[in-house]
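These are my notebook entries on one chain. I record what I looked up, entry by entry.

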Amino acid sequence: MSDGVEAALHCALVLAGLPEGKVLPGKSLAELHGVSETYLLKHLRALAAASVIDAVPGPRGGYRLARDPERITLLDIVEAIDGREPAFVCREIRRRGPGKAKDPCVYKADCFIKTRMIAAEEAWRTALRQQTLADLVADGAQLIDAHNKKAVATYVEKAQR
């Protein structure tokens, strides 16, 4: 997974805590997470294109969730950033090299490495599909220490529009 997935998950978590009708500028999200604004805006655009977040234009614009956290899966966020393509691509290297069979009938069955990798990826995608942004919100409520909760809440309160 790319670094952008981590940034997107953290941003979505912060946006999940915004009051109804409020937005947070991309610049503020970048500052809050200590990443470059240019870097983060690319990922925020991808989240908006995937309808995970809304991009509100204008001088009082910013970002907010496009739907309730219960309706945003972790897979939605991962696929918005990294795409839907399989992580593993079999290049059929089993057919290359000295002494390998040239008869295509030898390779009728899928490569067993490919089969296992696709099965593992499907299990991973299923697990991400079963977890939502609401699950992260619940985790954060329990696991983020009071100091950091207050720091983020104070920052967001000042930066929201």
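I take helices and strands as DSSP runs numbered from the N terminus, a helix having at least four residues and a strand at least two. In that numbering E121 lies in helix 5. I note that the model I am reading is predicted.

**Entry 1. Overall layout**

I began with the secondary structure of the chain. I find seven helices and two strands. Followed along the sequence, they give the pattern α-α-α-β-β-α-α-α-α.

I then looked up the dimensions. The C-alpha trace spans about 70 × 35 × 25 Å along its principal axes. The radius of gyration is 21 Å, whereas a compact globule of 161 residues would have one near 15 Å.

For burial, I note that 31% of the 161 residues count as buried. The accessible surface amounts to about 10300 Å², and carbon and sulfur atoms supply 56% of that area. Among contacts with a separation of 6 or more, 67% join residues 24 or more positions apart.

**Entry 2. Helix 5**

How many residues does helix 5 have, and how far does it reach? I count residues 112–129, which makes 18 residues, with 26 Å from the first C-alpha to the last. That span is close to the 26 Å expected at 1.5 Å a residue.

Next I asked which residues of helix 5 are buried. They are E121, R125 and L128. These three lie on the same side of helix 5, because they cover an arc of only 55° around the axis. I recall the general rule here: an α-helix has 3.6 residues a turn, so residues three or four places apart point the same way.

The face turned away from this buried side carries the exposed residues F112 and R116. What do the buried residues of helix 5 pack against? Their partner is helix 4, residues 74–82.

**Entry 3. E121**

I returned to E121 for its own values. Its relative accessible area is 11%, and the cut-off for buried is under 20%, so E121 counts as buried. Leaving aside residues up to four places away in sequence, E121 touches E85, P86, A87 and F88.

**Entry 4. L74 and T73**

I looked up two sequence neighbours together. L74 lies in helix 4, whereas T73 is placed in the loop between strand 2 (62–65) and helix 4.

Is L74 buried or exposed? It is buried, with a relative accessible area of 9%. T73 likewise counts as buried, at 15% relative accessibility.

For contacts I again set aside residues up to four places away in sequence. L74 touches L9, L128, Q131, T132, L133 and L136. T73 touches L128, R129, Q131 and T132.

**Entry 5. Cysteines**

I searched for disulfides and found zero in the structure. C90 takes part in none, and the nearest cysteine sulfur to it, that of C111, is 4.6 Å away. The cut-off I applied is 2.5 Å between the sulfur atoms.

C90 is partly exposed, with a relative accessible area of 25%. C111 is buried, at 9%.

**Entry 6. Positive phi angles**

Lastly I looked up backbone angles in residues other than glycine. S51 has a positive phi of about 60°. This residue sits in the loop between helix 3 (37–49) and strand 1 (53–56). At 42% relative accessibility, S51 counts as partly exposed.

E92 has a phi near 55°, also a positive value in a residue that is not glycine. Where does E92 lie? I place E92 in the loop between helix 4 and helix 5. E92 is partly exposed, its relative accessible area being 21%.

Key:
Residues numbered from 1 in each chain as written. Predicted model: local features only at pLDDT ≥ 70, side-chain atom pairs only at ≥ 80, totals over all residues. Heavy atoms only, no water. Expected span 1.5 Å × (residues − 1). Buried < 20%, exposed > 50% of the residue type's maximum accessible area, 1.4 Å probe, protein only. Arc of directions from axis to C-beta. Contact = heavy atoms within 4.5 Å. Rg over C-alpha atoms; globule rule 2.2 N^0.38 Å. Areas by Shrake-Rupley, 256 points an atom, 1.4 Å probe, with all protein chains shown as cover.
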